[in-house]
Amino acid sequence: MSDYQVLHQTEDEYGPLIVLDDKESRILAFAENDEQSKLLKAEPHIPQHTYVQAMLLVLLYSQPKSAIVLGLGGGGLIHALRHFDAGIKLTAVELRSEVIAIAKRYFQLPLSKKLKVINQDATHFLASGDHKRVDVIFTDIYSADGVDAAQVSETFIAQCAAMIKADGYLVLNCWKEHSKNRELLAYLEQYFVEVRACLTGSANWVVVAGKSRRDISASALKNHAQTLSQKLDFQLGRSLTRFDIWQ
């Protein structure tokens, strides 16, 4: 991080918020030597973290018209989804108002009528159930200490499932150790028909859970991934090779 200049530094009730810049890219950090979000300034739609790339594997199975993103960060997922399809109705829910302000000011958050940003605790947002059902929910709720415990709880999974359409998907970004979490898998299998997962190069365990079964051959999936990679502007292939049914 030594090559980075500190552009902005503040603190809220949850801890520090630091924006770093090195001319090409910008980083949002929640602690020293932390990299919460990374944005390539010239091409903000290309995810710089492998876990964000892996979360977009859901687009192999779904052409979402609507999606909810729980945990905004620097808005990397929003950028990628907006580039994929400018027509998707997006709702981003972020606990920290300062993160929203930073995403708008420093991370080129693509503001439009198709993006609604809500400053609320994701667990409260889900519990209220006050949102139309969507095609995909992406959940990426992290603090400086790691994955929020609520994100892997049965209540959270159930409430997400209730907000997802009959053929929709839940995409969870977890840590590598969650791959051994049989309870989490059991919760997911209770509400979803097919649960796939992939270990990323950044030691994240990304889960894609679908409410309906998709019988796509490996070769068809590979071809689809090539087409989708061109549309997204980065190679999905690396994540796809590790992506399989979670058993």
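**Surroundings of Glu194**

Leaving aside residues up to four places away in sequence, Glu194 touches Val208, Ala209, Gly210, Ser212, Arg213, Arg214 and Ile245 (contact means heavy atoms within 4.5 Å). The model is predicted: local features need pLDDT of at least 70, side-chain atom pairs count only at pLDDT 80 or more, and totals for chains, interfaces and linings use all residues. Residues are numbered from 1 along each chain as its sequence is written, and side-chain values use heavy atoms, with hydrogens and water left out.

Glu194 lies in strand 12, residues 194-199 (strands are DSSP runs of E, at least two residues, and helices are runs of H or I, at least four, numbered from the N terminus). With a relative accessible area of 7%, Glu194 is buried (under 20% relative accessible area, 1.4 Å probe, protein chains only). The side chain of Glu194 reaches the backbone nitrogen of Arg214 at 3.4 Å. Trp246 is 52 residues from Glu194 in sequence, and the C-alpha atoms of the two are 8.6 Å apart in space.

Four strands form an open antiparallel sheet in the order 1-2-3-4 (two strands pair if DSSP finds at least two bridges between them). Strand 1 (5-12) and strand 4 (37-40) each have a single partner strand, so one side of each is left without a neighbour in the sheet. From one strand to the next, the twist averages 10 degrees (angles run from 0 to 180 degrees between N-to-C directions, with axes fitted to C-alpha atoms, for helices over the stretch in contact).

Strand 3 (residues 25-29) pairs with strand 4 in the antiparallel sense over four bridges. Leu28 has Ser37 as its bridge partner in strand 4.

**Helix 3 on the sheet**

Helix 3 (residues 97-106) packs on the sheet and touches strand 1, strand 2 (15-21), strand 3 and strand 4. The direction of helix 3 makes about 160 degrees with that of strand 1.

Technical notes:
Buried < 20%, exposed > 50% of the residue type's maximum accessible area, 1.4 Å probe, protein only. Polar contact = N/O pair within 3.5 Å; in protein donor to acceptor, adjacent residues only side chain to side chain.
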